[in-house]
Amino acid sequence: MRAGGSALGVPILLALPTRSCGLARTAHLLDHLADESAGQCGPCTFGLPAIALDLREIARGNPGAPAAANRLVRRLGTIAGRGACAHPDGAVRLVRSALRVFAHDLDAHCRGLPCAGATEAYPLPGGRR
Amino acid sequence: MNALPRTVLRLHLDPIACEGHGLCADLLPEHIALDEWGYPILDDLLRSTPIAPGLVGPARAAVAACPTLALRLRRDPAPARQPGRPRRHPADAADAADH
């Protein structure tokens, strides 16, 4: 698996409605992953909520989105590989993949043009939104 | 074969024990930086690159200064001389088994 660029993990398949925003969806997932941190290692305890906030800023297409994108990329580079378990690594991999797949959306969000579905609420496990 | 040392000294960080006091980065900035939350980033993530003889003193000081005993100085097998593939060396396997 490693040779193919993948790793051991839990696969999740989400079918995105055509008008939904991949970046907003990823921000929701990161909120969840940040909540699920065991809170044992600093880079995960503080890093995951930080990149979740960056993603939300980008998803909303706020004026601060370009700065958040730069900050996010920098933070991604300092979090992976520094925890006792692979939870933060998996979260970072998810975000990197989202930034790659939704690169066009990222560009639009940074120009203040968020997707129409960016403000939709998605249910998360445990009833959070 | 050659005159290279067969072991190297490295710092190893226990990320769970670490509480981000940051003394280590003050004492050994050559190998340790702090992230924006004050937690140490060793120059090989959870371990340092081999400590040069001249820095063993500061490295020991960093270990001694850590309030939570999260930093250890350990003698590891020397890495193979394959710059492009550091993770393939038995030293890394032994390291992984240690965690």
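A nonpolar core here is a set of buried Ala, Val, Leu, Ile, Met, Phe, Trp, Tyr and Cys residues joined through C-beta atoms within 7 Å, and buried means that 20 or more other C-beta atoms lie within 10 Å of a residue's own, with C-beta atoms placed from the backbone. The model is a predicted one, so to speak of local features takes a pLDDT of at least 70 and side-chain atom pairs count only at pLDDT 80 or more, while totals for chains, interfaces and linings use all residues. Residues are numbered from 1 along each chain as its sequence is written, with chains lettered from A and ligands numbered from 1 in the order in which they are written.

Chain A has 5 helices and 0 strands, helices being DSSP runs of H or I with at least four residues and strands runs of E with at least two, numbered from the N terminus. Its C-alpha trace spans about 40 × 35 × 30 Å along the principal axes. A compact globule of 129 residues would have a radius of gyration near 14 Å, and chain A agrees at 14 Å; that radius is taken over C-alpha atoms, and the globule rule is 2.2 Å times the number of residues to the power 0.38. Of the 129 residues, 39% are buried.

The largest nonpolar core holds 29 residues, and A:L23, A:L30, A:L48, A:L55, A:A59 and A:V95 have the most contacts inside it. Two or more residues each come from helix 1, helix 2, helix 3 (65–79), helix 4 and helix 5 (103–110) of chain A. Leaving aside neighbours within four places in sequence, A:L23 touches residues including A:L55, A:A59, A:F102 and A:H109, where contact means C-beta atoms, placed from the backbone, within 7 Å. Another core, of 17 residues, lies apart from this one and includes B:C24, B:Y39, B:L46 and B:A62.

Helix 1 (residues 22–36) of chain A packs against helix 4 (residues 87–101) of chain A at about 175 degrees, with axes 10 Å apart. That makes the two helices roughly antiparallel, a label for angles over 145 degrees. On the helix 1 side, A:L23, A:L30 and A:L33 are among the residues that meet helix 4, whose own residues there include A:L94 and A:V95. This contact divides into 9 nonpolar, 2 polar and no charged residues.

Between the chains, 10 residues of chain A are in contact with 10 residues of chain B. Helix 2 (residues 42–60) of chain A gives the largest share of the chain A side, 3 residues.

How values were computed: Axes fitted to C-alpha atoms, helices over the stretch in contact; angles between N-to-C directions. Parallel < 35°, antiparallel > 145°, perpendicular 65-115°, else oblique. Contact = placed C-beta atoms within 7 Å. Nonpolar A, V, L, I, M, F, W, Y, C, P; charged D, E, K, R; others polar. Buried ≥ 20, exposed ≤ 12 C-beta atoms within 10 Å, placed from the backbone.
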